[in-house]
Amino acid sequence: MSKAVLCDIDGVVLQDNNLIDGADRFVHGLLEKEIPLVFLTNYPSQTPADLQNRFASVGMNVPASCFYTSAMATAAFLEKQAGRKAFVIGEGALTHELYGIGFTITDIDPDFVVVGETRAFNWDMIRKAAWFILQGARFIATNPDVAGPKGHPACGALCAPIERITGKKPFYIGKPNAWMIRAALNSVDAHSENSVIIGDNMRTDILAGVQAGIETILVLTGVGGQTDRDEFPFRPNRIYKGVAEIDEI
């Protein structure tokens, strides 16, 4: 039986919306062999259809069902929690996932404050989020990344002022949280003992794999080639220059 493959996107398959050399052959090879494949991204502001279109723009034909985002993982987590009202700081892809599990998006007595990513972040959002948390709302965030490409503020940066005001840290759902890995594996009915994660980031992809107990592959494209691996107490199971060199799964 083939292993299920969890694969990061940015720095592994794409770089600034450009195809990394040989990534298309690798991806299409997995699809042709019908190997269970899930592309994982901590970025919560795109739907699977958006990501499918992003891949199509560089000539890769990948089903929307192959994409799993931190917004989807956040919804999967919240579906199992008590409470169905949330104050949300984020884009439409995140609210879409929450509506899909029966949530009400509100600024009236929410059970949760859910932070994703948005370019519309403002003072009023910070004030409301902090007040709701101080009143007992549970603080949930899609991913711990503090910055994206070209220094744009990511979820962790948006959470920072809310943390300082409330003294409370959010529960981050995305990588390296093993919850993200488990939820993604569940989406394709796969299991940790027969799966592998491919990523370029020791702090997110590889740590997530280690914490979830699955095989890890580090590629040296993206940030992978810029990281001092000796600073980490764990190691990936395998290292390749890029996905094009992965000879077996």
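Which residue stands opposite Ala4 in β11? It is Ser195. The views below show a predicted model, in which local features need pLDDT of at least 70, side-chain atom pairs count only at pLDDT 80 or more, and totals for chains, interfaces and linings use all residues. Residues are numbered from 1 along each chain as its sequence is written, and side-chain values use heavy atoms, with hydrogens and water left out.

**View 1**
Strand β1 covers residues 4–8. Strands are DSSP runs of E with at least two residues, helices are runs of H or I with at least four, and both are numbered from the N terminus. Five of the five residues of β1 are buried, so the strand is largely enclosed by the rest of the structure. Buried means under 20% relative accessible area, exposed means over 50%, and partly exposed lies in between (1.4 Å probe, protein chains only). In a regular strand the side chains alternate between the two faces of the sheet. Here Ala4, Leu6 and Asp8 are buried on one side, and Val5 and Cys7 on the other. β1 pairs with β11 (residues 195–199) in the parallel sense, over four bridges. β1 also pairs in the parallel sense with β4 (residues 37–41), again over four bridges. Two strands pair if DSSP finds at least two bridges between them. Asp8 has Leu40 as its bridge partner in β4.

**View 1. The open sheet of five strands.**
The strand order is β7-β6-β8-β9-β10, and the pairing is parallel. β7 and β10 (171–172) stand at the edges with a single partner strand each, so one side of each has no neighbour in the sheet. β6 and β7 run parallel and are joined by two bridges. Lys85 stands opposite Thr104 in β7. Helix α6 (residues 155–166) packs on the sheet and touches β6, β8, β9 (138–141) and β10. Its direction makes about 160 degrees with that of β9. Axes are lines fitted to C-alpha atoms, for helices over the stretch in contact, and angles run from 0 to 180 degrees between N-to-C directions.

**View 2. Helix α4 between the sheet and α3.**
α4 spans residues 92–100, with Ala93, Leu94, Thr95, Glu97 and Leu98 buried. These buried residues pack against α3 (70–78), β6 (85–89), β7 (104–105) and β8 (112–115). Contact means heavy atoms within 4.5 Å. α4 lies across β6, β7 and β8, at about 170 degrees to β6. After the helix comes Gly102, with a positive phi near 85 degrees.

**View 3. The packing of α3 on α4.**
The two helices pack at an angle of about 30 degrees, with their axes 9 Å apart. That makes α3 roughly parallel to α4. Angles under 35 degrees count as roughly parallel, over 145 as roughly antiparallel, 65 to 115 as roughly perpendicular, and the rest as oblique. Ala71, Met72, Ala75 and Leu78 of α3 meet Ala93, Leu94, Glu97 and Leu98 of α4. The contact holds seven nonpolar residues, no polar and one charged. Ala, Val, Leu, Ile, Met, Phe, Trp, Tyr, Cys and Pro count as nonpolar, Asp, Glu, Lys and Arg as charged, and the others, Gly among them, as polar.

**View 4. The crossing of α5 and α6.**
The axes of α5 (residues 123–134) and α6 come within 9 Å and cross at roughly 45 degrees. The two helices are therefore oblique to each other. Ile126, Ala129, Ala130, Ile133 and Leu134 of α5 make the contact with Pro161, Ile162, Ile165 and Thr166 of α6. By class, this contact has eight nonpolar residues, one polar and no charged.

**View 5. Thr69 in strand β5.**
Thr69 belongs to β5 (residues 67–69). At 1% relative accessibility, Thr69 counts as buried. Leaving aside residues up to four places away in sequence, Thr69 touches Thr41, Tyr43, Gln46, Leu51 and Met180.

Most residues other than glycine have a negative phi, and most peptide bonds are trans. Asn17, in the loop between β2 (14–15) and β3 (18–19), has a positive phi near 65 degrees. Asn17 is partly exposed, at 45% relative accessible area. Asp189 lies in the loop between α7 and β11, and its phi is positive, near 55 degrees. Asp189 is exposed, at 65%. A cis peptide bond joins Lys175 and Pro176, with omega about 15 degrees. Pro176 sits in the loop between β10 and α7 (178–187).
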